[in-house]
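Visitor: I would like a close look at a single part of this model, followed by whatever can be said of its surroundings. Please keep to what can be computed from the atoms.

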Amino acid sequence: MDNFSNYRENRGFNWAALISGILMIIAGLFLIRHPGKALHAFVLLFAIVSIVQGFVWLAFYSRFRYFVSFSWLSIVSGVLDIIIGVLFLYSYDAAGLTIAYLFAFWFLFDSISGIIFSWHLRDISGFYFWINIILNIFGLLIAISLMFNPALSALTLVWLVSLWLLIFGIGEVIAAFARR
C-alpha cells in the first residue's frame, strides 16, 4: 500500500519539526544574549552569501550558455549579487535597512504560509490548531511592524528575529507532537 495514499495513516511523531524547532529556540536565545554583534553578523552573512551566489550564477552561465537561450540572465543576477554583497560589506547602515525589509517580507510570507498550512491541524486537534493560528498571527503582526517602520526595525531587528525564532520554534515543537 502506498504510504502517501491516506493522510490518517501517515501520522506520527515529526522529528524534523522537533529538531528545527529546538534549533530555532536555541538560535533565538543566543541572539537575545548577544544583540550587539548579531546585526553585524547578519550583514556579514548576507554579504558573503550574496557574493558566493553571484559567482554561482556566473558559473551557471559558463556551463549552460549553449543549452539555455536566456542564460544571459544568470550574468545579470551574478553581477547584481556580487555588487549587493560588496555594498553590504562597505555600508552597514544601508545593509541593515535592506535586511530589515528582507526579514519583514520573510516573516510575512512565512506567517501567511503558517496560517494556510495550519488548517490541516483542525482535524487532528482543535487546541493545536488554535495555538498554531495564534502564533502565526503574532508572527504576522511582527512582519507588519517591520514593514511600516524599517528604520526602527533595523535598530531592533535582532530582538524581533529572536522573538520570531522563539515563536516559530515553539510552533515547530508543537507541530512535532500534534501529528502523533
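Guide: A residue counts as buried when its relative accessible area is under 20%, and as exposed when that area is over 50%. The model is a predicted one. By this cut-off Ser162 is buried, because its relative accessibility is 0%. Ser162 sits in helix α7, which runs over residues 150-178. Setting aside neighbours within four places in sequence, Ser162 has contacts with Gly28, Leu31 and Ile32.

Leu31 belongs to helix α1, residues 15-33. Its relative accessibility is 11%, so Leu31 is buried as well. Not counting residues up to four places away in sequence, Leu31 touches Ala38, Phe42, Val158, Val161, Ser162 and Leu165.

Helix α3 covers residues 72-90, and its 19 residues should span 27 Å at 1.5 Å a residue; the end C-alpha atoms are 28 Å apart, which agrees. Buried in α3 are Ser74, Gly78, Asp81, Ile82, Gly85 and Phe88. These residues lie on the same side of α3, because they cover an arc of only 125° around the axis. On the face turned away from that buried side, α3 carries the exposed residues Trp72, Leu87 and Tyr90.

Helix α4 takes up residues 92-117, and it packs against α3 at an angle of about 120°, the two axes being 6 Å apart. The angle therefore makes α3 oblique to α4. On the α3 side of the contact are Phe88, Leu89 and Tyr90, which meet Tyr92, Ala95, Thr98 and Ile99 of α4. Sorted by class, this contact holds 6 nonpolar residues, 1 polar residue and no charged ones.

As for α4 itself, its 26 residues reach 36 Å from the first C-alpha to the last, close to the 38 Å expected at 1.5 Å a residue.

Key:
Residues are numbered from 1 along each chain as its sequence is written. This is a predicted model: local features need pLDDT of at least 70, side-chain atom pairs count only at pLDDT 80 or more; totals for chains, interfaces and linings use all residues. Side-chain values use heavy atoms; hydrogens and water are left out. Helices (H or I, at least four residues) and strands (E, at least two) are DSSP runs, numbered from the N terminus. The expected span of a helix is 1.5 Å times one less than its number of residues. Buried means under 20% relative accessible area, exposed over 50%, partly exposed in between (1.4 Å probe, protein chains only). The arc is that of the directions from the helix axis to the C-beta atoms. Axes are lines fitted to C-alpha atoms, for helices over the stretch in contact, and angles run from 0 to 180 degrees between N-to-C directions. Angles under 35 degrees count as roughly parallel, over 145 as roughly antiparallel, 65 to 115 as roughly perpendicular and the rest as oblique. Contact means heavy atoms within 4.5 Å. Ala, Val, Leu, Ile, Met, Phe, Trp, Tyr, Cys and Pro count as nonpolar, Asp, Glu, Lys and Arg as charged, and the others, Gly among them, as polar.
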